Structure formats: structure tokens, C-alpha cells
Amino acid sequence: MEKKTSKYYETARLMDEALLALLEKKDFAFITIKEICAKAGVNRSTFYLHYENTSDLLAETISMIGDRFYESFQNRDAILAEGAAGESFFITPDYLIPYLEFVKENKKIFSLIHKKPELFRSRKVFDRMYAELFSPILDKYGLAANEKPYVFEFYSRGTLAVVMKWLENDCRDEIDFVMNLIIRMVGYDEKN
């Protein structure tokens with residue numbers, strides 16, 4: 001059974017990657033199952049064992065990207081357990097390093113997501129980040145519930161703008177450089 005499960009996941013991975021590669025070149029609406037199968041090196045019958053249509057594959061691909069992203073924050077629980085507002089900061093190296101590493105390792109996917117945010121349901125990803133990662137930290141600052149989404153938008157959009165500029169430069173600058181730039185902009189000081 002394990003062999004069958006791992007073969008299933010390997011096939012799904014191949015089709016996820018095939019879809020992403022095709023999305024770099026054309027709109028989703030014009031991608032065919034035949035093209036996906038050819039790119040993934042699988043038969044159409046294998047595709048239909050996994051999915052009903054290309055929309056099902058897209059949903060799985062989005063889920064796979066999200067899972068990979070959240071796995072990059074391995075120490076999330078430890079970060080959330082840190083002290084009160086005076087002892088913790090909203091944007092720190094603990095968050096930025098895994099985020100920037102993920103972006104650099106997946107720069108094609110990340111660029112694609114930001115070129116086609118509606119297709120990849122980027123707002124849903126931001127909402128999940130807010131609920132699972134940042135809202136609990138913002139609770140430590142005693143912000144009113146209606147203030148927290150604004151603070152999150154301010155920090156996340158600013159950080160994203162820097163990351164997008166970094167992507168435009170093909171992530172040539174070192175992660176530490178980008179991290180320190182963002183940290184200086186948000187006023188985080190590890191010594192205090």
C-alpha cells in the first residue's frame with residue numbers, strides 16, 4: 001500500500017509541476033489535459049484516475065504550494081509562544097528567513113502566483129497567513145480586532161513589494177541583505 005501511495009503522490013507531483021510549467025507560457029483556460037499529460041509524462045487515463053478536469057488539478061496544485069509554504073515555517077509554534085508585545089515583534093528574522101528561502105527556492109512559482117493572483121487565489125493565502133501566523137502575534141499588542149487587518153496589510157504589502165523587487169532581480173541579492181533591509185524599514189531591533 002505504501003508503494004501505491006508514494007506512486008500516487010509522485011504522479012500528482014509530476015502533474016502539478018507540468019501545470020506550473022505550462023502556466024508560465026499560457027493562460028489556464030487554454031491549457032489542455034493532453035498538454036499536461038505530455039509534459040508530466042503520463043497517460044490521459046492516469047490523469048483521469050486523479051482528477052476530473054484541469055480545475056481539479058489546479059486546486060491540488062494550489063494546495064501543494066500552500067502546504068510547501070507552511071512547511072517552511074517549521075518553528076511557527078515556538079515563534080507564536082514568545083513573550084508579550086514588548087518581547088516580540090511583528091516581522092523578525094524567524095519569519096523572514098524561511099519566507100525568503102521559500103521564495104528563492106520557488107521563484108518561478110512565486111513570480112507566477114503574483115502575475116496571476118486570481119488564478120492562484122492569493123487572497124485566500126494571505127487570509128490563511130493572517131489567521132494562522134500573524135493574528136496571534138497581533139493579539140499580543142492589544143490591538144482592537146478591527147485594527148489588526150490594517151496592520152497586517154501594511155506590513156505584508158510592504159514586505160511583498162520588497163520581495164517582488166528582489167524577484168525582478170532574479171533573487172541575486174543575498175537573503176540576509178533583503179531580510180535586513182525589510183527589518184530596518186519596519187524598525188525591528190533585535191537588541192531591544
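Predicted model: local features only at pLDDT ≥ 70, side-chain atom pairs only at ≥ 80, totals over all residues.

Next I listed the residues that are covered: the buried ones in helix 9 are K148, F152, S156, T159, L160, V162, V163, W166 and L167. Looking down the axis of helix 9, I found these buried residues within an arc of 165°, so they line one face of the helix. On the other side of helix 9 I noted Y150, F154 and E168, which are exposed.

I then checked the length of helix 9, which has 21 residues (148-168) and, at 1.5 Å a residue, should span 30 Å; the C-alpha atoms at its ends are 30 Å apart, which agrees. After helix 9 comes D170, and I wrote down that its phi is positive, near 55°.

Which residues make the contact where helix 8 and helix 9 cross? I first looked up the geometry: the axes of helix 8 and helix 9 come within 10 Å and cross at roughly 115°, and the crossing is right-handed. From helix 8 the contact is made by R123, F126, M129, Y130, F134, S135, L138 and D139, and from helix 9 by K148, P149, V151, F152, E153, S156, R157 and L160. Sorting this contact of helix 8 with helix 9 by class, I recorded nine nonpolar, two polar and five charged residues.

Conventions. Residues numbered from 1 in each chain as written. Heavy atoms only, no water. Helix = DSSP H or I, 4+ residues; strand = E, 2+ residues; numbered from the N terminus. Expected span 1.5 Å × (residues − 1). Buried < 20%, exposed > 50% of the residue type's maximum accessible area, 1.4 Å probe, protein only. Arc of directions from axis to C-beta. Axes fitted to C-alpha atoms, helices over the stretch in contact; angles between N-to-C directions. Left-handed = near helix turned anticlockwise from the far one by under 90°. Contact = heavy atoms within 4.5 Å. Nonpolar A, V, L, I, M, F, W, Y, C, P; charged D, E, K, R; others polar.
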